[in-house]
Amino acid sequence: MDSATVATFEAGRGRLASLAYRLLGSAADAEDAVQDTFLRWQAADRERIDVPEAWLTKVATNICLDRLRSAQARHERTAGAWLLPEPLLDGDPMLGPADTFEQRESVSLAVLTLVERLSPNERAVYVLREAFAYSHAEIAEILDITEAASQQHAHRARTRLADERRRSGGAADPAAARRVVEEFLAAATSGRTDRLVALLTDDVTAVSDGAGLARRLLRYRTPERVASFVRAGFKSTPAKRRLAGGPTAMYVARVNGSPAVIAVVGDRVVGAVAFDVGDGKVAGLYGIAAAHRLTRLDEAWRRHDAGVPVIDAW
C-alpha cells in the first residue's frame, strides 16, 4: 500500500475511533474495529471508491454493528452482564468532536449507558445523526436502509432517551459541578447520610459494576437508597484497601465531559465515579472499577497533571 493511501486512512482514523467508541462503549473494541476497517481498506479496490471518507465510515459502522449483533453481545445484554461504558479522561482524542451540545452529550457516560437500550440500528442512527451530523440520506446509504427508516430509527431513539434525558442534570458549569462533587465526596466519607441525601435529586439513579466483581450492573434509585449505597461504597476498610492494592488517593477530574472522582493507588487508577450534575445537585452516578474498563484512563492519567488529591489516603 502506497504512502498516499495510508495517509488517506490516517487522516480519518481519529473520527473512525470516535464513532466506534460511541457505538461500542469500549476503547479497546473501538481500536479493534478501526484496525479491521484499515484491513478492509487495504484489501479494497480503491479505484472504485469515489469518496474515501464515506466508504470508511460505512465499513467502520457496519463492523461495529456486526459486533453489537454477535451472539456474545446479545447474550450479555439479555443476561444483564453488559458493563458500563469505558470512561475516558477529557482531552482523549477518542472522545471526538465536542463543538455542539449534542456532540458533548452523545459521549457522556449517562447517554452512552442509555444508548445500550437501543437496537443496533437505532444506536447507529442516533450516533451518526447527533454526534456527526450526517443527514438521513447519508445515514441511509451507510446502513443500507431507506431514508424513511433512518428517520423512524432516529425518532424511536430520541423517544426512548427522552425521559431519562429530561431526568438528567444536564449541562453544568464545570467549576460549580466540581464544587458539588467535592461536597458529595466529603459527605460520602463523613458518615452522615443526611448530607448525601440533600445533594441528590429526587429521581437520582446510581449505576455500578460492583467494584468490578458483580456479574451484572447494580442499579439504585431514590435518594435514600443511593445515599446508603454510596456510604457503604465509600466507607474505608482494611479489606477494601487490600482489594485496591493499598491506600487510595481521591482526585476530582473530568471524564467524558462530566466531573468525576478518580481513585488512584500509587500512579494506578483503580476506579472512577462520574457524576451527572445540574442545578447544584447530583442526578446520576456511574461507578466503574473493572480493571479492563480502566486501561486507557489509567494510561492517560499517568501523563496527566493530576494536581492535589481531595483525599490523600482513603
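This is a predicted model: local features need pLDDT of at least 70, side-chain atom pairs count only at pLDDT 80 or more; totals for chains, interfaces and linings use all residues.
The crossing of α7 past α8 is right-handed. On the α7 side, the contact is made by Asn121, Ala124, Val125, Leu128 and Arg129, and these meet His136, Ile139, Ile142 and Leu143 of α8. Sorted by class, the contact of α7 with α8 comes out as 6 nonpolar, 2 polar and 1 charged residues.

Helix α2 (residues 27–43) packs against helix α3 (residues 52–68) at an angle of about 130°, and the two axes are 9 Å apart. That angle makes α2 oblique to α3. Here too the crossing is described as right-handed, with α2 passing α3. From α2 come Asp29, Asp32, Ala33, Asp36, Thr37, Arg40 and Trp41, while α3 brings Pro52, Trp55, Leu56, Val59, Ala60, Ile63, Cys64 and Arg67 to the contact. The residues of this contact between α2 and α3 split into 9 nonpolar, 1 polar and 5 charged.

Then there is the sheet. It is an open one, built from 6 strands in the order β2-β1-β6-β5-β4-β3, and the pairing is mixed. At the edges stand β2 (218–221) and β3 (249–255); each has a single partner strand, so one side of each is left without a neighbour in the sheet. Going from one strand to the next, the twist averages 20°. Within the sheet, strand β1 (residues 200–208) pairs with strand β6 (residues 281–288) in the parallel sense, over 5 bridges. A handy landmark is Thr205, which stands opposite Gly284 in β6.

Helices also lie across this sheet. One of them, helix α12 (residues 223–234), lies across β1, β2, β3, β5 (268–278) and β6, and runs at about 45° to β1. Helix α14 (residues 295–302) lies across β3, β4 (258–265) and β5, with its direction at about 100° to β5.

Key:
Residues are numbered from 1 along each chain as its sequence is written. Side-chain values use heavy atoms; hydrogens and water are left out. Axes are lines fitted to C-alpha atoms, for helices over the stretch in contact, and angles run from 0 to 180 degrees between N-to-C directions. Helices (H or I, at least four residues) and strands (E, at least two) are DSSP runs, numbered from the N terminus. Angles under 35 degrees count as roughly parallel, over 145 as roughly antiparallel, 65 to 115 as roughly perpendicular and the rest as oblique. A crossing is left-handed if the near helix is turned anticlockwise from the far one by less than a right angle, and right-handed if clockwise. Contact means heavy atoms within 4.5 Å. Ala, Val, Leu, Ile, Met, Phe, Trp, Tyr, Cys and Pro count as nonpolar, Asp, Glu, Lys and Arg as charged, and the others, Gly among them, as polar. Two strands pair if DSSP finds at least two bridges between them.
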